Structures are given as C-alpha cells and as structure tokens.
Amino acid sequence: MSNRRRSQPQLLCTSTLAVFAMLALNVQARPANMSALKDKHPNSKEDNEILPPDHLNGVKMEMDGHLNKDFHQEVFLGKEMEEFEEDSEPRRNRKKLIEIFTKVDINKDRSVSAKEMQRWIMEKTEEHFQEAVKENKLSFRAVDPDGDEHVTWDEYRVKFLASKGFNEKEVAEKIKNNEELKVDEETQEVLESLKDRWFQADNPPADQLLNEEEFLSFLHPEHSRGMLRYMVKEIVRDLDQDGDGKLTLAEFISLPVGTVENQQAQDIDDDWVRERKKEFEEVIDANHDMIVTMEELEEYMDPMNEYNALNEAKQMIAVADENQNHNLELEEILKYSEYFTGSKLMDYARNVHEEF
C-alpha cells in the first residue's frame with residue numbers, strides 16, 4: 001500500500017485512518033476496508049466471499065480511495081490475468097502475449113490502434129463483470145439458506161458473524177429475540193458500515209430485502225449506477241477535508257497521519273504524491289478547473305465508460321509507442337510486457353516475426 005505520512009496538516013476521517021494504521025507494518029499490502037476482520041477468523045474462502053471485496057477488478061480506484069495499481073493489466077488481460085504469474089515460464093508467457101496481440105489486431109495490419117485497444121478493453125472489462133456475476137450466485141446462495149430468493153439484513157448479519165467465528169445458532173437466536181449482540185468495537189463498526197451499504201443496495205420500492213441482483217450491487221457497486229455513486233460519495237467523504245463535497249488537488253494527494261521512518265517509506269510517499277497528482281490533473285479533472293466533483297469522479301470510476309476506455313487505450317499505447325506512430329506493434333508490446341502483464345520476458349524480440 002502506497003500511503004505514508006509527509007509533513008502536511010491534512011487529515012483523513014477516523015475510519016480511513018484506522019485502515020492506514022493496520023497496514024503501517026506492511027508497505028506492500030493491498031488497501032483494504034474489511035481486511036482486519038477477514039484475517040481475524042478466516043474460516044474458509046467461501047466465508048469471505050459474502051463480504052464486499054476490497055478490490056474491484058477493472059475499476060480505476062479502490063474502495064478506500066487508492067488508485068488501482070493493476071488496472072491496466074486487468075483491462076488488458078481480463079480473466080487471463082492469473083496465467084501471467086511472476087514465476088511462470090517466460091517462453092509460454094511470450095507465446096500467450098503474441099496470441100493476445102493477434103486478437104486485439106482486428107484488421108490484421110500487424111499494429112494495434114487506439115480504437116482496437118478500446119474495443120479490447122471493453123471486452124475484458126465485461127469478462128470481469130461476468131466473473132463477478134458468477135461468483136455472486138454462489139455468495140447469494142450462501143446467505144439465502146431457505147432458498148426464497150430474498151435475503152433480509154438479519155439473515156446476512158447472522159452469516160457474516162458466523163464467518164467471523166461467532167456461533168451461528170446463538171447469533172440467530174439472539175437476533176430473533178431482539179437480544180443484544182456482544183461484539184467488539186471493530187466488528188460493530190464494520191456491521192454499521194455494511195448495514196448502510198445494504199440499504200443503499202435495496203432498490204426502490206425499498207423492502208429491506210435484497211434479491212440476487214441487488215446483492216450483486218451490494219458486493220460489487222460497479223454493477224449499479226446508484227451503488228457506484230454511493231461508493232464515490234464514500235471516497236469523497238474520506239478525502240474531503242473542508243466538507244464542500246468536492247476534492248482539490250491538495251485533498252486528493254494528501255497523505256494520512258502516521259510515520260514510518262525509513263527511506264523506503266519516503267520513496268513511497270513521493271510515488272503516492274506523484275501518481276495521484278498526475279491522475280488528478282490529466283484524467284479525473286475532466287474540465288481542468290483543479291476541482292474534482294462527484295460527477296467527474298463517478299465518470300472516472302465507471303468501468304463501462306467508453307470514453308474512459310479510449311483514453312486508457314491511448315495511455316497504454318503511449319507507454320510502449322517507441323516509434324511514435326500512435327499504434328502498438330508486436331515488438332513494442334513484447335518489450336514492455338511487464339507493463340501489460342506484470343511479467344517480464346527475456347529476449348523479447350528473438351524470432352518475433354517468425355513466431356508471429
């Protein structure tokens with residue numbers, strides 16, 4: 001996680017600071033809103049899947065307002081991301097990357113244009129969407145034991161607490177009898193946050209029940225315009241220091257309170273400011289007035305925004321476009337494989353034309 005303190009007066013809200021404090025010992029950790037609870041009683045992978053994920057594939061910003069460092073790889077590789085592991089065989093990765101290039105190159109002119117890359121990004125984003133829908137079916141089934149295709153907040157609360165080590169029958173009985181649940185402060189804070197999110201996902205007319213589609217929005221706000229807007233409001237609330245409902249550059253790049261006294265942390269501070277400043281000025285602030293509104297942030301975070309996909313395509317091409325022709329050739333994508341796939345290839349240009 002790339003968030004450490006510099007000598008600045010800016011402060012973030014209490015809930016956000018708590019997250020930073022938990023991660024202070026591990027500068028490489030992924031940002032997480034619910035990670036502390038997830039690690040407390042990790043009964044099984046399925047248990048954790050009933051919680052909204054901290055990271056959303058194909059969305060430019062994390063739930064806690066951090067930039068998604070893997071975004072360009074996610075929208076380039078789609079569901080094939082796991083195939084490009086760091087320790088996987090370079091020749092195999094190289095062959096796979098060549099195959100991807102041929103698929104992106106629709107007109108078969110041996111170069112990829114921004115329009116071709118835009119189409120590919122939209123296609124890969126849709127893959128992430130479909131994967132979330134598939135996983136949601138299993139998650140919904142886990143919290144809907146009676147199979148009536150609706151889940152109440154109390155039903156979800158029972159399953160959530162059971163996944164954290166509480167006795168499911170005892171919790172269900174206490175909730176049924178309106179008895180007080182004795183949970184620690186941290187768990188209670190997460191429950192309150194989840195409850196607010198739960199009712200936001202309850203489409204009008206509100207009935208305090210979530211069907212499978214609404215539960216998908218609860219877990220994955222990128223699937224619902226209303227929930228995406230809610231996610232944006234939460235991010236702005238955490239970063240907005242003067243309470244005007246907008247973000248200045250200073251607010252967007254401000255670092256949380258907390259000190260790590262070493263050079264590595266200082267370097268991370270510098271990276272944090274530089275990367276967020278660039279994203280604010282060049283991408284998020286659409287009208288370049290040095291203020292980011294909720295509307296601008298919502299458009300920026302919408303994974304199915306075709307204009308954003310085109311901008312991302314142009315940025316991705318620019319990174320590897322050594323001959324400055326505004327297209328991407330095979331040699332270029334192989335040379336910059338680490339940027340596109342997270343996996344560095346050796347001898348990237350060896351026999352490129354023969355293999356292609």
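**Exercise 1. The chain as a whole**

Describe the secondary structure, the burial and the contacts of the protein chain.

*Solution.* 
Step 1. The model is a predicted one. Its protein chain comprises 18 helices and 4 strands.
Step 2. Of the 356 residues in the chain, 47% are buried.

**Exercise 2. The sides of helix α9**

*Solution.* 
Step 1. Helix α9 covers residues 185–201. This helix has 17 residues and reaches 25 Å from its first C-alpha to its last, close to the 24 Å expected at 1.5 Å a residue.
Step 2. The buried residues of α9 are Thr 187, Val 190, Leu 191, Leu 194, Arg 197, Trp 198 and Ala 201.
Step 3. At the start of α9, a side-chain oxygen of Asp 184 comes to within 3.2 Å of the backbone nitrogen of Glu 186.

**Exercise 3. Rings around Phe 218**

Classify the ring pairs that Phe 218 forms with Tyr 156 and with Trp 198.

*Solution.* 
Step 1. The count of aromatic pairs in the model is 12.
Step 2. The ring centres of Tyr 156 and Phe 218 are 5.2 Å apart, and their planes stand at 85°; because planes over 60 degrees apart count as edge-to-face, this pair is edge-to-face.
Step 3. Tyr 156 belongs to helix α7 (residues 153–163) and Phe 218 to helix α10 (residues 212–219), so that the pair links distant parts of the chain, 62 residues apart. Both Tyr 156 and Phe 218 are buried.
Step 4. For Trp 198 and Phe 218, the centres are 5.2 Å apart and the planes stand at 75°, so this pair is also edge-to-face. Trp 198 in helix α9 and Phe 218 in helix α10 are 20 residues apart, and Trp 198 is buried.
Step 5. Ring pairs join Phe 140, Trp 153, Tyr 156, Trp 198, Phe 215 and Phe 218 into a cluster.
Step 6. Arg 197 lies over the face of Phe 218, at 5.9 Å from the ring centre. In another place, Arg 276 lies over the face of Phe 252, at 4.0 Å from the ring centre.

**Exercise 4. Helix α15 and its packing**

Against which helices do the buried residues of α15 pack?

*Solution.* 
Step 1. Helix α15 (residues 306–320) has 15 residues and spans 22 Å from its first C-alpha to its last, close to the 21 Å expected at 1.5 Å a residue.
Step 2. Its buried residues include Asn 308, Leu 310, Met 316 and Ile 317.
Step 3. The buried residues of α15 pack against α4 (71–77), α6 (114–143), α14 (294–301), α16 (330–335) and α17 (337–341).
Step 4. At the start of α15, a side-chain oxygen of Asn 305 lies within 2.9 Å of the backbone nitrogen of Tyr 307.

**Exercise 5. A residue in a loop**

Is Asp 302 buried or exposed?

*Solution.* 
Step 1. Asp 302 is located in the loop between α14 and α15.
Step 2. Its relative accessibility is 15%; because buried means under 20%, Asp 302 counts as buried.
Step 3. Apart from neighbours within four places in sequence, Asp 302 is in contact with Arg 225, Leu 228 and Asn 308.

Definitions and conventions. Residues are numbered from 1 along each chain as its sequence is written. This is a predicted model: local features need pLDDT of at least 70, side-chain atom pairs count only at pLDDT 80 or more; totals for chains, interfaces and linings use all residues. Side-chain values use heavy atoms; hydrogens and water are left out. Rings of Phe, Tyr and Trp (its six-membered ring) pair if their centres lie within 6.5 Å; planes under 30 degrees apart count as stacked, over 60 as edge-to-face and the rest as tilted. Helices (H or I, at least four residues) and strands (E, at least two) are DSSP runs, numbered from the N terminus. Buried means under 20% relative accessible area, exposed over 50%, partly exposed in between (1.4 Å probe, protein chains only). A charge sits over a ring if NZ of Lys or CZ of Arg is within 6 Å of the ring centre and within 35 degrees of the ring normal. The expected span of a helix is 1.5 Å times one less than its number of residues. Contact means heavy atoms within 4.5 Å. A polar contact is a pair of N or O atoms within 3.5 Å; within protein, one must be able to donate a hydrogen and the other to accept it, and residues adjacent in sequence count only if both atoms are side-chain atoms.
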